[in-house]
Amino acid sequence: MSSTTVFNRLQSLFPQGLLLDTGGNCFNLFMEFPSKDGSLAGVLIWEEAVIVYSNDSKYLSKEDYHRLNESLMAEDEDETFKKHEQVILTSNDISWDDDDNEVIEPLPNDVFDRKTMLAIGESWRKFNTGLSKVLRGH
């Protein structure tokens, strides 16, 4: 299946997000969620983690975050914004309960409340499930 086909199918699962094809069937999804202070904060969702840009309670929109990451594809781009990125979920945060159900335990952060973190975790799960299905041709 072509990368364009995978991209289009995966993007269709997240009409409210922006997808970036970084090559080799690696995709980044940018979405926005409400922060504790009521503003919207863009997050970067990829297979292994979810990251938010947080600089003194200033957050990037999904469009700005997408644009910055897209520019990283070019040579010699300024990556100083990355020092303000905070990992809020990683594959290491997944554990299993007694019934073998997946449980996501987010890293402590001052950007999102628990309810929003659950929504972000669900989007991350949906992204990984969707990517897996699309790559298998479903």
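Contact is defined here as heavy atoms within 4.5 Å. The structure is a predicted model, in which local features need pLDDT of at least 70 and side-chain atom pairs count only at pLDDT 80 or more, while totals for chains, interfaces and linings use all residues. Residues are numbered from 1 along each chain as its sequence is written, and side-chain values use heavy atoms, with hydrogens and water left out.

Leaving aside neighbours within four places in sequence, F112 is in contact with F33, P34, S35, K36, A41, V43, V52, I88, M117 and I120. F112 also belongs to the largest nonpolar core, which has 24 residues. A nonpolar core is a set of buried Ala, Val, Leu, Ile, Met, Phe, Trp, Tyr and Cys residues joined through side-chain atoms within 4.5 Å. Buried means under 20% relative accessible area, exposed over 50%, and partly exposed in between, with a 1.4 Å probe and protein chains only. The members that touch the most other members are V43, I45, V50, I88, F112, I120 and F127. At least two residues of this core come from each of α1 (3-13), β2 (26-34), β3 (40-46), β4 (49-53), β5 (85-90) and α3 (114-135). Helices (H or I, at least four residues) and strands (E, at least two) are DSSP runs, numbered from the N terminus. The most is given by α3, with six residues. A second, separate core has eight residues, among them L44, I51, L60 and F81.

Strand β3 has seven residues, five of them buried, so β3 is largely enclosed by the rest of the structure. In a regular strand, side chains alternate between the two faces of the sheet. Two strands pair if DSSP finds at least two bridges between them. Strands β2 and β3 run antiparallel and are joined by six bridges, with E32 opposite G42 of β3. The hairpin of β2 and β3 has five residues between the strands, and G38 there takes a positive phi near 95°. Strands β3 and β4 also pair in the antiparallel sense, over four bridges, and L44 has I51 in β4 as its bridge partner. These two strands, β3 and β4, form a hairpin with two residues between them.

Most residues other than glycine have a negative phi. Positive values occur in two residues other than glycine, D56 with phi near 50° and S57 with phi near 60°. D56 lies in the loop between β4 and α2 (62-71), and S57 is found in the loop between β4 and α2. With a relative accessible area of 69%, D56 is exposed.
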